[in-house]
Amino acid sequence: MDRREFLEGAAVAVSSLLFEAVPLGGAQRAAPMIGIQAGAISFLDEGTDKVLENFQQLGAVDTVFLATFTYGRGIAGRMPRGTPLPDHGKQEYDDNFHGGNFATPHPQYYRGTMLQPEKAPDHPNYDVVADVLPAARQRKMKVICWFEDVFGNDVPGIKDAFEVDVHGRSAARVCYRNPNTRNFWLGLVEDHFRSYDVDGLMFGSERQGPLNAAIGASHGGDPSPATVGCFCPHCLDAAKKERVDADRARQGYLALETWVNGLKDARKPIDGAFVTFWRLLVDYPEILGWERLWTEGLRDTYRAMYAKAHEIAAAKPMGWHIWHTNSFAPFYRAEQDYEKFQEYSDFLKVVMYNNSGGPRMARYVRNVSRTVFADLTPDAALQLSYSLLQYPNEASLAAIPTKGLSSDYVARETKRAVASAGAKMKIYPGIDIDIPTGTNEKKTTPDDVYGAVKGALDGGAHGVILSRKYSEMRLDNLRAAGKAVRDAAK
Ligand SMILES: [Zn+2]
């Protein structure tokens, strides 16, 4: 241990004492939870104890959000190729990443689903929870299992869970109402809580309903009106109960597809894009009805997982990762009602990645400038978005891909979330540390991380979650997070 490491270690000890005694508005404020997301590869590459030591000493971290289930590269594996590897870990890309369950799936919990719980073949003899949990306990750190709605399309049984799209075709994504999907998530909740004495669970879904997908209202892929869903028998049943006419919804979505494709071919309607879009919603209110139905399928999944988690472990928190689109699209934001979340959430990790947020916001604007905001220039669409989202201090469209969003955005989004969180639900902003961006796009600096963590804590956050995985983070950036946490405790 060198002198700096010793001092940082000492600072951890002192800061944890300080937090207990920091008065805020006359009341005692609980110490913020400082979390970090990490996947199995980091513990294997660098040694479990060394990684936990870095978390504590550099990042002032007290809670590890362990990636236990995903087939995606966002929260597991090393830095994806195309972006430089950070200054720790194995200096080699893991192009053959597969994914699955990085703990040990116990088959008895998955009897109600055709979806096979696959042990991730990446590390066949390694159980990340069994390894990290006891080591974290020794350091008085907590462990939350963190898993997301990202499957591989060759998972055995997955075709029995797929959505049906507007043209009646099987869509390569699982339906939340399909019992195979629902029971898979409930099984994973039960498996995590019964097989391991972990401190809580977090689930993330980065998908949205058919209307938002059709108009491309996200920073992700293109507008995709031809493949929206879900029109599977389970969703048709739910529609009947909700009294939404499925035939009318289908007709509405087909009309929406024609409208999007027309704009793509630069055939602008004589009445303009927005008026004709709104006309579609008036002619087919079932378009909105189906959007709501899809979102309720996800909410029902949250409710069911929350109930299952609390049936097994009443005192342990269960919360949700709220997708970054919440920061860009007012359409998706309208469906993320924090007040309603209180009924089935102990905490929300609201993604507030300000660095990658710049290029992502630019991508969102490019998407919706081809559909619902096609009457506006992309610059005007961005300014409208800033107004609707209440971001007064962000950069122009030309500048945001390289500049990113500001720490003011983090502070504002934190305040907005905390204001609707009620007395019990905790708000943990997700902080961006070295999330990959394009070659000439914004990269994370220590000042960015310091500003974002400070913005979140000043905004009244109950903690932060350093994201999206340790295997991507440069150590000087992690150190800046720890400094912001310790300075806030002074
Ligand atoms: Zn369905």
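**A loop residue and its setting**

Tutor: Arg243 sits in the loop that runs between α7 and α8 (246-264). The model is predicted, and what follows is read from it. Arg243 is not a glycine, but its phi is positive, near 60 degrees. Because 7 C-beta neighbours lie inside 10 Å of Arg243, and the cut-off for an exposed residue is 12 or fewer, Arg243 counts as exposed.

Lys140 can be set beside it. Lys140 is likewise not a glycine and has a positive phi of about 60 degrees. Its place is the loop between α4 (128-138) and β6 (142-148). Lys140 has 9 C-beta neighbours inside 10 Å, so Lys140 also counts as exposed.

Other loops hold backbone features of another kind. The loop between α6 (210-214) and α7 (233-242) contains Cys230, and the peptide bond leading from Gly229 to Cys230 is cis, with omega near 15 degrees. A cis peptide bond is also found between Ser467 and Arg468, where omega is about 0 degrees. Arg468 belongs to the loop between β14 (463-467) and α18 (475-489).

Setting aside residues up to four places away in sequence, Phe69 touches Asn101, Phe102, Phe147 and Leu188. The C-alpha atom of Phe69 is also 7.5 Å from that of Gly99, a residue 30 positions away along the chain.

In soluble globular proteins, nonpolar side chains tend to be buried together. The largest nonpolar core here has 139 residues, and the members that touch the most others are Val64, Leu66, Ile431, Val453 and Ala481. Helix α10 (residues 286-312) supplies the largest share of this core, 8 residues. Beyond its neighbours within four places in sequence, Val453 is in contact with Ile431, Val464, Ala481, Ala484 and Val485.

One helix pair shows packing in more detail. Two packed helices are described by the angle between their axes and the distance between the axes. For helix α13 (residues 354-368) and helix α14 (residues 378-389), the angle is about 115 degrees and the axes are 9 Å apart. The crossing of α13 past α14 is right-handed. On the α13 side the contact is made by Val365, Arg366 and Val368, which meet Pro378, Ala381, Leu382 and Ser385 of α14. Sorted by class, this contact has 5 nonpolar, 1 polar and 1 charged residues.

These parts belong to a protein with 18 helices and 14 strands. Of its 490 residues, 51% are buried. Along the principal axes, the C-alpha atoms fill a box of roughly 70 × 55 × 50 Å. A compact globule with 490 residues would have a radius of gyration near 23 Å, so the 22 Å of this protein agrees with that expectation. Counting contacts between residues at least 6 apart in sequence, 79% join residues at least 24 apart.

Definitions and conventions. Residues numbered from 1 in each chain as written. Predicted model: local features only at pLDDT ≥ 70, side-chain atom pairs only at ≥ 80, totals over all residues. Core = buried A, V, L, I, M, F, W, Y, C linked by C-beta atoms within 7 Å. Buried ≥ 20, exposed ≤ 12 C-beta atoms within 10 Å, placed from the backbone. Helix = DSSP H or I, 4+ residues; strand = E, 2+ residues; numbered from the N terminus. Contact = placed C-beta atoms within 7 Å. Rg over C-alpha atoms; globule rule 2.2 N^0.38 Å. Axes fitted to C-alpha atoms, helices over the stretch in contact; angles between N-to-C directions. Left-handed = near helix turned anticlockwise from the far one by under 90°. Nonpolar A, V, L, I, M, F, W, Y, C, P; charged D, E, K, R; others polar.
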